[in-house]
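Please read this note with the model open beside you, and check each point against it as you go. The points are meant for someone meeting a protein structure for one of the first times.

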Amino acid sequence: MDIIFECPTCKQELSIDAVGAGSQIDCPQCNTKVVVPHPDAAQLEAAAKAAAAAPAPPSPPPTIGKEINAMASSAAAKEFKHFVVPVHEGPTESLIAKPLPTLEVAAKETDRQMRIKSFRHSDHVEVGKDHFDEHLNQWLGKVGEANVITISTFVYTHQDLASRAWITDYGVLVVYRG
Ligand SMILES: [Zn+2]
């Protein structure tokens with residue numbers, strides 16, 4: 001429900017939600033501080049009848065100077081006014097666009113060293129579950145295809161801790177830039 005009243009200075013008709021009664025707002029027309037009056041009984045009754053008679057129309061976009069909706073506090077009213085008045089007219093594209101790499105970043109890109117990473121199959125088997133391919137795929141995903149130089153396999157033997165038996169297993173050696 002809205003309270004309809006006039007700005008005492010510029011006579012601009014203002015409407016504000018009833019919860020704003022008694023709070024101080026800035027007139028959107030002349031910027032005078034205006035105390036929102038309490039709605040009188042007649043106005044409340046008329047508003048209630050109007051609301052009951054017609055289904056509420058979809059709320060139109062707020063129009064500057066014609067209508068303001070405000071919360072109970074004047075601070076909230078001010079905040080709302082900021083929302084109504086388009087203050088962000090400047091271009092915001094720069095915030096969205098990906099910034100170009102600085103010279104420092106570009107230098108680091110070319111500064112990457114050649115590195116080696118070895119994956120021993122037995123290191124990626126846990127309680128009978130073979131995670132070797134999964135771990136290798138995850139790691140390759142992080143490094144990125146463009147940074148992988150070579151991938152080769154190797155065979156190695158290791159002693160099983162439980163059975164003390166020597167086991168021959170395989171691994172993968174990746175040469176990459178990172
Ligand atoms: Zn005014």
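The points below go from the overall layout to a sheet and then to single residues.

1. Overall layout. This is a predicted model, and the protein in it has five helices and nine strands. Followed from the N terminus on, the elements run β-β-β-β-α-α-α-α-β-β-β-α-β-β.

2. Burial and contacts. Of the 178 residues in the protein, buried residues make up 7%. If you look at the contacts with a separation of 6 or more, residues 24 or more positions apart account for 47% of them.

3. An open sheet. Three strands form an open sheet in the order S5-S9-S8, and their pairing is antiparallel. Strand S5 (114-120) and strand S8 (148-159) stand at the edges, and because each has a single partner strand, one side of each is left without a neighbour in the sheet. Neighbouring strands of this sheet are turned against each other by 20 degrees on average, with direction ignored. As a reminder, strands of a sheet pair through backbone hydrogen bonds, and the pairing can be either parallel or antiparallel.

4. One pairing in detail. How many bridges join S5 to strand S9? There are seven, and S9 covers residues 166-177, with the two strands running antiparallel.

5. Trp-139. This residue lies in helix H5, which spans residues 132-143. Trp-139 counts as partly exposed because it has 14 C-beta neighbours inside 10 Å, whereas a residue would need 20 or more to be called buried and 12 or fewer to be called exposed. The C-alpha atoms of Trp-139 and Lys-117 are separated by 9.8 Å, although the two residues are 22 residues apart along the chain.

6. Lys-11. Please look at the backbone here, where Lys-11 has a positive phi of about 65 degrees although it is not a glycine. Lys-11 has its place in the loop between strand S1 (2-6) and strand S2 (13-17). With 9 other C-beta atoms within 10 Å, Lys-11 is exposed.

7. Val-127. A positive phi is also found at Val-127, with a value of about 40 degrees, and this residue is not a glycine. Val-127 lies in the loop between strand S6 (125-126) and strand S7 (129-130). Is Val-127 buried or exposed? Val-127 is exposed, since 4 other C-beta atoms lie within 10 Å.

Definitions and conventions
Residues numbered from 1 in each chain as written. Predicted model: local features only at pLDDT ≥ 70, side-chain atom pairs only at ≥ 80, totals over all residues. Pairing = 2+ DSSP bridges. Helix = DSSP H or I, 4+ residues; strand = E, 2+ residues; numbered from the N terminus. Axes fitted to C-alpha atoms, helices over the stretch in contact; angles between N-to-C directions. Contact = placed C-beta atoms within 7 Å.
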